[in-house]
Amino acid sequence: MSVNKVFIQGNLGADPEVKFISLNGEQRAVTSLSIATNERVKGADGNWTEKTEWFRVSVFGKVAENCGKYLKKGSPVFAEAKLRNRKYKDKEGRDIYTIDILADNIQFINAGNKNPEVGNYNSYNSGAQAQSVENTFATTVPQLDESAVSFNDDDIPF
């Protein structure tokens, strides 16, 4: 058995970038999120400083559309994703290797969001019926605020 799973919790450093691609004759949303995480580290001088790491996360389908619709710069999110190795050639023809972060679950962590459209649809899963917030959090991340909104999409086109 093997596992390819990554969890990233942080804030968006920019508004989501939504694009649409044609896949098997259908238009599919692809959204890119720039997520910043912070951690306190103690330096050699004994002083504490905050270190920020940036992650580029790709989201697909209905989840991507919802990210573009409801998230903005500064929004706190929790991403459940997998890593994918990719190789491409740059302009000079050199091989470039990169690791993509492909999210299949983005949870909107915004207890203050009173948007009624969000309140009725707590979880999306390839068009499946919405699940309750309590059930979603009980099986995924119980330490998060129960009023957070979760969107799921298992239909990633890769």
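K87 has Y97 in strand 6 as its bridge partner, strands being DSSP runs of E with at least two residues, numbered from the N terminus. The model is predicted, with local features requiring pLDDT of at least 70 and side-chain atom pairs counting only at pLDDT 80 or more, while totals for chains, interfaces and linings use all residues. Residues are numbered from 1 along each chain as its sequence is written, and side-chain values use heavy atoms, with hydrogens and water left out.

Strand 5 and strand 6 run antiparallel and are joined by 13 bridges, where pairing requires that DSSP finds at least two bridges between two strands. These two strands form a hairpin with five residues between them, and G93 in the turn has a positive phi of about 85°. Strand 6 also pairs with strand 4, here in the parallel sense over three bridges, and the bridge partner of S58 in strand 6 is L102.

Strand 2 (17-23), strand 3 (26-42), strand 4 (48-60), strand 5 (76-89) and strand 6 (95-108) each give two or more residues to the lining, and the largest share, four residues, comes from strand 6.
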